[in-house]
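The sequence and structure are shown first.

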Amino acid sequence: MYRLLTFCLIMFFVFSCTKSAENIETNSENVHAHNTEINSFSSTDVKMVYIKGGLYKPFYGSDTILVDVKPFLIDERPVTNAEFLAFVKANPQWQRSSVKKIFVDAAYLKDWKSDTELPLNADPEAPVCFVSWFAAKAFAKSIGKRLPTLDEWEFVAMADTDTPNARNKPSYSDAILDLYLEKDRQYKKVKQSKPNYWGVYNVFDLIWEWTDDFNSALTTGDSRAGEYDDKGLFCAGGATSATDVLNYAAYMRYSMRTAIKANYTIANLGFRCAKDTLITN
Amino acid sequence: MKKYLLLIFSVALLIITSCTENKQQPVEQNMSGNSIFNLSTVWHNQNGDSLQFKNLQGKTLVVVMIYTSCKSACPILVAKMKTIESKISRKDIEKVSLVLVSIDPETDTPEHLKEFAKTNKMEEPQWIFLSSNEEATQEFANVLSMKYKKISPIDFSHSNIITIFNPKGVMVSQEEGLEINVDNVVNTVSKTVKEFK
């Protein structure tokens with residue numbers, strides 16, 4: 001008898017619960033819909049490259065700090081216009097007219113013809129730009145990937161075409177700086193230049209890229225290590241704490257990261273995705 | 001018989017509590033796209049309740065990100081928050097929540113936060129301590145444009161920002177640096193409370 005009573009009671013509560021939950025669902029439907037669920041879409045099959053990782057010396061920090069980068073997978077090229085278009089078609093909450101303003105600034109996809117049309121004359125195979133960190137994160141999540149961490153990205157970026165760490169070669173820095181002289185590189189197709197040592201394309205030649213923890217690049221404020229303190233207030237002051245003064249390109253990347261905010265969208269700032277891997281060797 | 005009653009009672013209680021969570025106030029239809037109530041991340045407070053930012057709507061919010069095991073800058077920030085709290089008029093305080101969000105979700109469990117609140121005498125209902133997971137923390141830090149980095153297992157380096165949100169979750173202003181002007185914050189809070197009366 002008690003068992004029956006318990007059962008009835010449970011049923012009653014479960015029922016009344018479901019009902020109230022339903023009501024709320026309808027009340028706040030548009031709120032719920034926007035980013036709890038991200039729909040995946042049939043993305044083009046970008047190849048992911050295995051990076052075995054290892055110890056690396058971050059551009060900033062003292063000489064003794066080595067960071068151990070664990071093995072990971074990274075897209076061999078940046079995310080393209082065509083892929084981002086497929087993403088916003090599957091996820092209308094990321095289309096220009098419906099995206100929540102907390103996630104993007106006013107320039108989000110600003111050169112697109114409409115919510116679901118690429119810019120006039122844009123190459124679908126060119127890297128997507130004018131995307132915020134939030135948008136890049138959502139894209140990656142929708143296909144079961146993530147953004148590379150700052151250390152992962154920089155680890156890959158140490159390579160030139162023949163060596164995994166070309167930082168000390170004058171040719172490495174010169175080549176990047178030469179690229180910076182060329183305007184509007186972001187409109188070019190991906191994978192038209194030579195891949196680096198790891199088989200990763202377009203690390204430097206087309207765009208700047210978001211990293212997952214770009215906001216961990218600190219040049220001012222409360223750093224226990226002391227070496228960053230307020231140096232950012234002085235022109236190029238931060239360079240004195242750089243471990244690699246020849247690497248001016250890396251210095252520019254770090255400056256960029258400290259200057260941007262997650263909702264910024266910029267004409268030549270895009271991203272590529274990464275993924276954890278269980279393979280180690 | 002006693003056993004059964006107890007069982008019924010505890011089951012009922014369990015269901016009622018889980019029910020209550022669903023009965024959170026429905027969020028307004030015309031929510032601003034700028035509002036932090038758009039964030040879908042789930043947090044827990046010092047009492048172990050799960051909540052989202054939209055559950056904080058209706059009050060002016062003074063928000064700071066810290067971690068409780070911090071020995072350098074955070075105590076100053078916490079002290080600033082306490083000064084701010086004490087300078088808000090008692091008439092307004094019911095319409096204000098002072099929110100301390102942890103950047104160290106691993107260490108800052110609800111029990112830890114509760115303990116911290118107790119030690120620092122921040123136990124009145126206007127004090128809310130929140131922590132979540134790495135992903136939610138990182139997202140919220142980016143909403144505040146806050147820089148932070150784990151520099152050792154127990155230490156973080158981070159920028160010091162106090163942010164004020166109106167009762168609709170839209171950012172009103174931010175004060176940055178350890179020399180935050182407490183009176184500016186208090187004035188902005190009282191203005192915001194008045195505006196949304």
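## Model and confidence

The model is predicted, with an ipTM of 0.81 and a pTM of 0.81. For chain B the mean pLDDT is 87, and 85% of its residues reach 70 or more.

Helix H1 (residues 2–22) of chain B has the lowest confidence in that chain, with a mean of 53, whereas strand E5 (residues 127–131) of chain B has the highest, at 98. Over residues 16–27 of chain B, pLDDT stays under 50; for this segment the model has 19 contacts beyond four places in sequence.

## Composition of the two chains

Chain A contains 7 helices and 7 strands. Read from the N terminus, its elements follow the order α-α-β-β-β-β-α-α-α-α-β-α-β-β. Of the 281 residues in chain A, 35% are buried. Among contacts in chain A with a separation of 6 or more, 74% involve residues 24 or more positions apart.

Chain B contains 5 helices and 9 strands. From the N terminus, the order is α-β-β-β-α-β-α-β-α-β-β-β-β-α. Buried residues account for 39% of the 197 residues in chain B. Residues 24 or more positions apart supply 67% of the contacts in chain B with a separation of 6 or more.

## Burial of strand E5(B)

Is strand E5(B) mostly covered or mostly exposed? The strand is mostly covered, as 5 of its 5 residues are buried.

In a regular strand, side chains alternate between the two faces of the sheet. In E5(B), one side carries Trp127(B), Phe129(B) and Ser131(B), and the other carries Ile128(B) and Leu130(B). All of these residues are buried, and both faces of the strand are therefore covered, a residue counting as buried when 20 or more other C-beta atoms lie within 10 Å of its own.

## Strand partners of E5(B)

Which strands pair with E5(B), and in what sense? Strand E1 (residues 43–45) of chain B pairs with E5(B) in the antiparallel sense over 2 bridges, and His44(B) stands opposite Ser131(B) in E5(B). Strand E4 (residues 96–102) of chain B runs parallel to E5(B) and is joined to it by 4 bridges; here Val101(B) stands opposite Leu130(B).

E4(B), helix H3 (residues 110–119) of chain B and E5(B) form a right-handed β-α-β unit.

Methods
Residues numbered from 1 in each chain as written. Chains lettered and ligands numbered in written order. Predicted model: local features only at pLDDT ≥ 70, side-chain atom pairs only at ≥ 80, totals over all residues. Buried ≥ 20, exposed ≤ 12 C-beta atoms within 10 Å, placed from the backbone. Contact = placed C-beta atoms within 7 Å. pLDDT = per-residue confidence, 0-100. Pairing = 2+ DSSP bridges. Right-handed = clockwise from strand over helix to strand, strands pointing away.
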